[in-house]
Amino acid sequence: MVKKLNTNKIVREIESKGFLVVKDILSKDDISILTSKCKEIILDKNNYTNEPGENINGRTAYDISRSVVTAYKTVTRHILGNSIEVDTILEKFFSNPDLKEILKIILGDDYKLYTCALRHANHESKYVGLHQDADYQFTVSILLNDIDVKNPTTTFCEGSHLIPFNFSSKFEGLDTKYFNNILKPAVGSKGDTLFFFNKALHGMKISQNTRDDSTAILFCLQPSGYPCPRWALPDTVSYTHLRAHETRH
C-alpha cells in the first residue's frame with residue numbers, strides 16, 4: 001500500500017535544499033520487481049559497448065539494445081522499451097497523484113520528460129566533478145540499491161541552486177572529495193525517490209568500499225516552452241513478441 005505524501009512539505013524542502021530523498025512513492029512489490037528487472041538488464045555485459053549513440057537524421061537514437069560504458073567507468077542505458085514489467089511500473093509511478101502534484105508545482109503544467117535512463121556505478125567508477133546542468137531542468141531518480149555515504153552516489157552542495165550565478169562545469173575537473181565538507185550525498189533505501197534541481201551543484205562521489213554497486217533510474221524533466229530535442233525512437237520495443245503471445249491467448 002502506497003502512503004499519502006505531504007506534497008507541500010516535500011516541495012518546500014526541495015526548493016530550500018535543492019534536493020530531497022522521499023520514501024513511499026512505490027510499493028514494496030513494485031520496488032522488488034523494478035530492481036530485479038533493471039539489474040538484470042544493466043548487468044548483462046553481452047550488451048556493453050563504449051561506442052557513442054548513433055545520430056539518425058539529426059536526432060540522437062534512443063537505443064534500447066545496448067548499455068554504454070562511459071569514460072567514468074559507469075554504465076548507462078535507455079531503459080524504456082526493454083521490459084514490459086519495468087514500463088508498467090514506471091507508468092504507474094508517473095501516474096501517482098502525489099508525484100504529479102509535486103511535479104506540477106515545481107514544473108507547471110505540460111512538463112516534458114526529456115531523458116529516462118539507468119545508471120550503474122561500482123567501486124571501480126570514477127568521480128564526476130561538481131557541475132550544473134540546464135537551470136530549468138529537474139531530475140527525478142529512483143534508487144535501486146540501499147545507498148549509504150560509502151557508496152558511489154550523486155552528491156550535492158545544498159542550497160547552491162539559489163546562488164544567482166551559473167558555475168556550469170568550472171569545478172568538474174576536481175574530485176568531489178575536495179569539497180566533502182560542503183557536500184551531502186544522496187543516501188536512502190532501495191526504491192526511494194531522489195528529487196533535485198539540475199541547477200544545484202552536483203557530481204558523483206567514488207565508492208569507499210572494496211566492492212559494491214549503485215544503480216538508479218534517472219528521469220530528466222523540464223517545463224513546457226524550453227528546447228526539448230526529439231529522440232529517434234526505435235520502431236519496436238524489446239518485448240513485442242511477448243505482447244503478441246498475450247494477444248493470441
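The crossing of helices H2 and H3 is left-handed, a term for the case where the near helix is turned anticlockwise from the far one by less than a right angle, with right-handed used for clockwise. That is where I will start today. Before going on, note that this is a predicted model, in which local features need pLDDT of at least 70 and side-chain atom pairs count only at pLDDT 80 or more, while totals for chains, interfaces and linings use all residues. Residues are numbered from 1 along each chain as its sequence is written, and side-chain values use heavy atoms, with hydrogens and water left out.

When I say helix or strand, I mean a DSSP run, numbered from the N terminus: H or I with at least four residues for helices, E with at least two for strands.

Back to the pair. Two packed helices are described by the angle between their axes and the distance between the axes. For H2 and H3 the angle is about 135° and the axes are 9 Å apart. The axes here are lines fitted to C-alpha atoms, for helices over the stretch in contact, and angles run from 0 to 180 degrees between N-to-C directions. H2 and H3 are therefore oblique to each other; under 35 degrees would count as roughly parallel, over 145 as roughly antiparallel, and 65 to 115 as roughly perpendicular, with the rest oblique.

Which residues make the contact? From H2 they are Asp30, Ile33, Leu34, Lys37 and Cys38, and from H3 they are Glu85, Val86, Ile89, Leu90 and Lys92. Contact means heavy atoms within 4.5 Å.

Two of those residues also form a salt bridge: lysine 37 and glutamate 85, at 3.9 Å from N to O. Lysine 37 is in H2 (residues 28-42) and glutamate 85 in H3 (residues 84-94), so this pair ties together parts that are 48 residues apart in sequence. A salt bridge here is a side-chain nitrogen of Lys or Arg within 4 Å of a carboxyl oxygen of Asp or Glu. Lysine 37 has 26% relative accessibility and is partly exposed; glutamate 85 is partly exposed too, at 33%. The cut-offs are under 20% relative accessible area for buried, over 50% for exposed, and partly exposed in between, with a 1.4 Å probe and protein chains only.

Staying in H2, threonine 35 is located in this helix. Is threonine 35 buried or exposed? Its relative accessibility is 8%, which counts as buried. Setting aside residues up to four places away in sequence, threonine 35 touches Leu144 and Lys190.

How many salt bridges are there? The count comes to 11. Side chains of opposite charge can pair when their charged atoms come close. I will show two more.

One is between lysine 9 and glutamate 13, with the closest N and O atoms 2.7 Å apart. These residues are four apart in helix H1 (residues 7-17), which separates them by about one helical turn. Lysine 9 is partly exposed at 40%, and glutamate 13 is partly exposed at 21%. Lys9 and Glu13 also belong to a network of salt bridges with Lys17.

The other joins glutamate 158 and lysine 184, whose closest N and O atoms are 2.8 Å apart. Glutamate 158 sits in the loop between strand S10 (153-157) and strand S11 (183-185), and lysine 184 in S11, so the pair ties together parts 26 residues apart in sequence. Glutamate 158 is partly exposed at 34%, as is lysine 184 at 44%.

Now the buried sides of two helices. In H1, Thr7, Ile10, Val11 and Ile14 are buried. They cover an arc of only 95° around the axis, which puts them on the same side of H1; the arc is that of the directions from the helix axis to the C-beta atoms. An α-helix has 3.6 residues a turn, so residues three or four places apart point the same way. Among the elements covering the buried residues of H1 are strand S1 (19-22), helix H4 (97-107), strand S9 (138-143) and strand S12 (193-197). After H1 comes glycine 18, with a positive phi near 95°.

In H4, the buried residues are Asp98, Leu99, Ile102, Leu103, Ile106 and Leu107. Seen down the axis, they fall within an arc of 140°, so they line one face of the helix. They pack against H1, H3, S9, S12 and strand S14 (213-222).
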